[in-house]
Amino acid sequence: MAPGNGRKHEDYILVTRDEPKSPAAEAYRTLRTNLQFAALDTPLRVLLITSAGPGEGKTTIAANLAVAMAQSGSKVIVIGGDLRKPTLHLAFGLRNTVGLTNVLTGNVSWEAALQPTDVDGLYVLPAGPIPPNPAELLASTRMQELLAELKEQCDVVIIDAPPVLAVTDAGVMSRLSDGVLLVISVGVTPRDVAKAAKEQLEQVGARILGMVVNGLSSESGYYYYYYHRYYSLEDGTRRSTWLERLKNRLGAVRRRVGPASAETAAGRER
Ligand SMILES: Nc1ncnc2c1ncn2[C@@H]1O[C@H](COP(=O)(O)OP(=O)(O)O)[C@@H](O)[C@H]1O
Ligand SMILES: [Mg+2]
């Protein structure tokens, strides 16, 4: 399979940048605000975005949230942390020739690998070439040092992480972050699989800030056009009921916009 799972630039829509008045962009701004409240005690300087499996919207959400944060005046660095399926660069139309892999192996400085974007205050450190030993690289001392150095350069570092269940990378990286957002995709992530991902993160001591339910259904062939909702784990109800609450509130996301590709749906939103 091609690097990045065969995805291309057109597969990613930066609604926050291109359709800032759309409900989808507004939802990202709400997510941004919710995260500020979720992290009142410990400042959120390194935020990890992950999900149980592939294709659930991690990269899409990482990229759009990064834009939304930069739009509010924060200086943001977003890192392509999925070294096995590097696609973050695609969302911004950037190159992936040099990136995190090269920085971690010591070939390149982060200064040389960091790329500016067309959004003010937003920089991307793409994943770089797929290495033979991603887990080892991500667990290295160099990765810890790099995050410490990047934190000095900006207000928030967002990591577009690999999935939780397939490999150990996300768990390892979650320990280097101040908080984790777990993406759950409607119709894609089975309930027990989402639960397993959450438990696995908890086992490694990750601080899960909440869930983002991404309203994409591949099964039905319909797209719920970039709809997502954020659910806090600390909003006053019992922690153990998060899946119940999620289920109850999924109705809110089921706002089907039509039997269309994301593109057609985007047209409607304008
Ligand atoms: N809410 C959504 N609406 C429409 N398309 C989406 C949505 N979320 C993700 N996609 C698309 O699904 C594909 C997989 O998303 P991606 O963000 O790469 O997932 P992951 O990083 O979890 O593998 C991409 O082509 C992306 O554009
Ligand atoms: Mg991804």
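1. The model is a predicted one. In it, strand β2 (residues 76-80) pairs with strand β4 (residues 122-125) in the parallel sense, over four bridges. Within this pairing, Ile 77 has Tyr 123 of β4 as its bridge partner.

2. Strand β2 also pairs with strand β5 (residues 156-160), again in the parallel sense, here over five bridges. Val 76 stands opposite Val 156 of β5.

3. Is β2 enclosed or open? Five of its five residues are buried, so the strand is largely enclosed by the rest of the structure. In a regular strand, side chains alternate between the two faces of the sheet. In β2 both faces are covered: Val 76, Val 78 and Gly 80 are buried on one side, and Ile 77 and Ile 79 are buried on the other.

4. Strand β6 (residues 179-185) is mostly covered, with seven of its seven residues buried. One side of β6 carries Gly 179, Leu 181, Val 183 and Ser 185, the other Val 180, Leu 182 and Ile 184, and both faces are covered. Strand β1 (residues 46-51) pairs with β6 in the parallel sense over five bridges, and Leu 48 stands opposite Val 180 of β6.

5. Helix α3 has 14 residues and reaches 20 Å from its first C-alpha to its last, close to the 20 Å expected at 1.5 Å a residue. Of the 14 residues, 14 are buried, so α3 is largely enclosed by the rest of the structure. Just after α3, Gly 73 takes a positive phi of about 100 degrees.

6. Ala 62 is found in helix α3 (residues 58-71). Why does Ala 62 count as buried? The reason is its 27 C-beta neighbours inside 10 Å, where 20 or more are needed. Leaving aside residues up to four places away in sequence, Ala 62 touches Ile 49, Val 78, Leu 88, Ile 158 and Asp 160. Among these, Val 78 is one of the buried residues of β2. The C-alpha atoms of Ala 62 and Gly 80 are separated by 9.3 Å, and the two residues are 18 apart along the chain.

7. Two packed helices are described by the angle between their axes and the distance between the axes. For α2 and α3, the axes come within 9 Å and cross at roughly 75 degrees. These helices are therefore roughly perpendicular to each other. By class, the contact of α2 with α3 has five nonpolar, one polar and two charged residues. On the α2 side are Tyr 28, Arg 29, Leu 31 and Arg 32, which meet Asn 64, Leu 65, Ala 68 and Met 69 in α3.

8. Thr 33 lies in helix α2 (residues 23-38). Thr 33 counts as partly exposed because it has 13 C-beta neighbours inside 10 Å; a residue with 12 or fewer would be exposed.

9. On the protein as a whole, the secondary structure comes to twelve helices and eight strands. Buried residues make up 47% of the 270 residues. Of the contacts with a separation of 6 or more, 77% are between residues 24 or more positions apart.

How values were computed:
Residues are numbered from 1 along each chain as its sequence is written. Chains are lettered from A and ligands numbered from 1 in the order in which they are written. This is a predicted model: local features need pLDDT of at least 70, side-chain atom pairs count only at pLDDT 80 or more; totals for chains, interfaces and linings use all residues. Helices (H or I, at least four residues) and strands (E, at least two) are DSSP runs, numbered from the N terminus. Two residues are in contact if their C-beta atoms, placed from the backbone, lie within 7 Å. Two strands pair if DSSP finds at least two bridges between them. Axes are lines fitted to C-alpha atoms, for helices over the stretch in contact, and angles run from 0 to 180 degrees between N-to-C directions. Angles under 35 degrees count as roughly parallel, over 145 as roughly antiparallel, 65 to 115 as roughly perpendicular and the rest as oblique. Ala, Val, Leu, Ile, Met, Phe, Trp, Tyr, Cys and Pro count as nonpolar, Asp, Glu, Lys and Arg as charged, and the others, Gly among them, as polar. The expected span of a helix is 1.5 Å times one less than its number of residues.
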